[in-house]
Amino acid sequence: MRENDVILQTVSKVAVFIILTFGMYLFLSGHHNPGGGFIGGLTLSSAVILLYIAFDVESVNKGIPVDFKLVAAAGVLISVLSGTGALLFGADFLSQSFAYFDLPLLGKTELTTVVLFEAGVALAVVGVVVTILINISEDV
Amino acid sequence: MNNILVFPMVIPVITGVALLFFRSYPAVQRWSTIAAMLSVFAISLWILEDVRSNGIMRLDFGGWTPPFGITFVADSFAMLLVAAASFVSLICMLYAVFAGDKRREYYFQYTFMLLLIAGVNGAFLTGDLFNLFVCFEVMLLASYVLMTLGGEKKQLTEGIKYVLINILSSWLFLLGLAYVYGTLGTLNFAQLSLRIAEAGQPPILTAISILFLAVFSLKAGLVLYFWLPGSYSALPTAVSALFAALLTKVGVYALFRTFTLLFYHEPSITHTIIGWMAITTLAGGSLGAIAYVDIRKIAAYNVVIAIGFILVGLASNNAAGIQGSIYYLVHDIVIKGLLFLIIGTIIYLTSNARLDRTSGLITNYPILGWIFLITTLSLGGVPPFSGFAGKLMIGQGAISSGEYVMVGAAFLSSLFVLYSLIRIFLNMFWGEVLIPRKHQIPLPFPLLAPLVVLAIVTIGLGLGMDFMAPYVTDAATVLMNPEVYIEGALDNE
């Protein structure tokens, strides 16, 4: 479509990794600091959208052969099932728990089940945002 | 801790979303939908029985106790509606399965039907005003999709009106929430009720309650029903039955909840307004029901009349009226599902929606004809069928609070209901046989079976009134005594 977007494409190749890293950082920091699944998911999806803008839909689809509708569905499933998981331990629906573990390299680390829930949220956001934007772009 | 309470909402969500992965397997989609609805219905019956014997049940999501966390509260009123709604959706799903619209199935029809039911059940069960809004939105978003799925021209024109009007009312709902939170500092039903009682419902709160009245009236089709007949008649049969049975009832449920649990201190203002709105609705609905020759429109105006009728019970504001409304709500969920399935089937069989272009259908399809007659009698409130108990008790309630105008309007509207449906019966089912038997479109038994089941249920509900009575009495007791609900919903042991 566009003839001469060497600069955009070159910058995007680098920028996408920076955005993805930042998105993951936001996602992981969400437990105690500003961030979380929703914002992390939005940032991650902006990386994918940047790829779609810099390159064309076909080549990105070839590079990332994923149906984003199903990504969103998987996200919702993970979130809801992580909530029902609490039922197995005799706790209320959507109960979360956490514990501290000594991991190699990282030292004392907090691991929590809410990460699963947030991962579902992030996947749902990525799936929905990308699906919406691709569909809008098909109309134009 | 009663985790079972979450299942009527979570099972449809999980099933609906999981079905997205089985797009090319219609058989999997169909039967897992039916299995999901069957289990939801069974679970809701179990909870209903448990609530009646052990009192109000509550679930605090994630262990966060009210008024801080998200809670689901099940009283008999909510559970009767959940059970009735789940049952009728199960039947509508069966009809959709046997009708087998391949294109809509491929575009996730079942997923959105399940999400709609999740929203409806969530709205019945939620214990705070904000999550009522959220569940309304879940239900409405799914209904927007179902409204336009298929992309027929009529669907799209009606769909845009439907979406706009609902977005406006959702916005007003949100505004009302902001007002309530600004004045009372909480959105939990039980705590709101306590705080409104402490403040004695000053004029500012009454004004806010009128805003909620407007919002829920729009969802329920009380006076503000102008969007309803057009949009309901643009839908495929199974979906239109689902809409007619469930969507307006959620608005009615919200009206009952807010005006029996929260804003019940100024009945001379709020309940009088509701009474006049009910009378207006009855009058408008009755005129609509006899004005049209399009049978889908007639059926849609019958939905409107029923809403007015149920709210006469709320407006009379006494135990008999409320009990009558509960009976009538359950009856109406069943019978409106049945009516719309029949109307859709007639249109499928004759490919026309005008009542003056066909006649003699009872010779072609005898069972369908007799089921339609049963539906007519049941809607009119003739004794052995399910409409009778509700009409009788609503009448008693209105008389004992001296609202003779409402009694007159309510029973006059029943005559209009009877007339409008008997007109369909006389024109389309009786008379000269226009379609020779060998040219008629066959009506396969699987398509007829859901109608037969619903017809049996409407007879059963009428004859088995005694069986339902303890649940209804319990539901009415909770509605008439807010402190029972508050104790069940707020008590932190």
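Predicted model: local features only at pLDDT ≥ 70, side-chain atom pairs only at ≥ 80, totals over all residues.
Where in chain B is the place of N317(B)?

**View 1. N317(B) in a loop of chain B.** N317(B) sits in the loop between α13 and α14 (319-350) of chain B. Its phi is positive, about 55°, although N317(B) is not a glycine. Most residues other than glycine have a negative phi. N317(B) is classed as buried because 22 other C-beta atoms lie within 10 Å, and the cut-off for that class is 20 or more.

**View 2. L105(A) in a loop of chain A.** L105(A) lies in the loop between β1 (98-103) and β2 (107-112) of chain A. L105(A) is not a glycine, yet it has a positive phi of about 70°. Is L105(A) buried or exposed? L105(A) counts as exposed, since it has 5 C-beta neighbours inside 10 Å.

**View 3. The cis peptide bond between P66(B) and P67(B).** The bond that joins P66(B) and P67(B) is cis, with omega about 5°. Most peptide bonds are trans. P67(B) belongs to the loop between β1 (57-60) and β2 (71-74) of chain B.

**View 4. Helix α9 of chain B and its surroundings.** Helix α9(B) has 18 residues, 203-220. At 1.5 Å a residue the helix should span 26 Å, and the 25 Å between its end C-alpha atoms agrees with this. Buried residues of α9(B) include L205(B), I208(B), S209(B), F212(B) and L213(B). Towards the end of the numbering, V215(B), F216(B), S217(B), L218(B), K219(B) and A220(B) are also buried. Which helices of chain B are included in what covers the buried residues of α9(B)? Among them are α7 (153-184), α8 (189-199), α11 (237-262), α12 (270-291) and α13 (295-316). Just after α9(B), G221(B) takes a positive phi of about 80°.

**View 5. Packing of α9(B) against α11(B).** The crossing of α9(B) with α11(B) is left-handed. On the α9(B) side, the contact is made by S209(B), F212(B), F216(B), K219(B) and A220(B). These residues meet T248(B), V250(B), G251(B), V252(B), A254(B), L255(B) and T258(B) of α11(B). By class, the contact of α9(B) with α11(B) has seven nonpolar, four polar and one charged residues. An α-helix has 3.6 residues a turn, so residues three or four places apart point the same way.

**View 6. Packing of α6(B) against α11(B).** Helix α6(B), residues 129-148, packs with α11(B) at an angle of about 160°, and their axes are 12 Å apart. At that angle α6(B) is roughly antiparallel to α11(B). The helices cross in a left-handed sense. Which residues of α6(B) make the contact? They are L132(B), M139(B), S143(B) and L146(B), and the α11(B) side consists of V239(B), F243(B), L247(B), V250(B) and A254(B). The contact of α6(B) with α11(B) comprises eight nonpolar residues, one polar and no charged. V250(B) and A254(B) also take part in the contact of α11(B) with α9(B).

**View 7. E403(B) between two helices of chain B.** E403(B) is in the loop between α17 (387-400) and α18 (404-429). E403(B) counts as buried because it has 23 C-beta neighbours inside 10 Å. Leaving aside neighbours within four places in sequence, E403(B) is in contact with G275(B), A315(B), S316(B) and A398(B). A84(B), 319 residues away in sequence, is 30 Å from E403(B), C-alpha to C-alpha.

View 8. Chain A has five helices and two strands, in the order α-α-α-α-β-β-α along the sequence. Its C-alpha atoms fill a box of roughly 60 × 35 × 25 Å along the principal axes. Of the 140 residues in chain A, 27% are buried. S137(A) lies in helix α5 (residues 114-139). Why is S137(A) exposed? S137(A) has 12 other C-beta atoms within 10 Å, and a residue with 12 or fewer is classed as exposed. The C-alpha atoms of S137(A) and L123(A) are separated by 21 Å, the two residues being 14 apart along the chain.

**View 9. The contact between chains A and B.** Chain A gives 14 residues to the contact and chain B gives 15 residues. The side of chain A that touches chain B has nine nonpolar, three polar and two charged residues.

Note on methods
Residues numbered from 1 in each chain as written. Chains lettered and ligands numbered in written order. Contact = placed C-beta atoms within 7 Å. Nonpolar A, V, L, I, M, F, W, Y, C, P; charged D, E, K, R; others polar. Helix = DSSP H or I, 4+ residues; strand = E, 2+ residues; numbered from the N terminus. Expected span 1.5 Å × (residues − 1). Left-handed = near helix turned anticlockwise from the far one by under 90°. Axes fitted to C-alpha atoms, helices over the stretch in contact; angles between N-to-C directions. Parallel < 35°, antiparallel > 145°, perpendicular 65-115°, else oblique.
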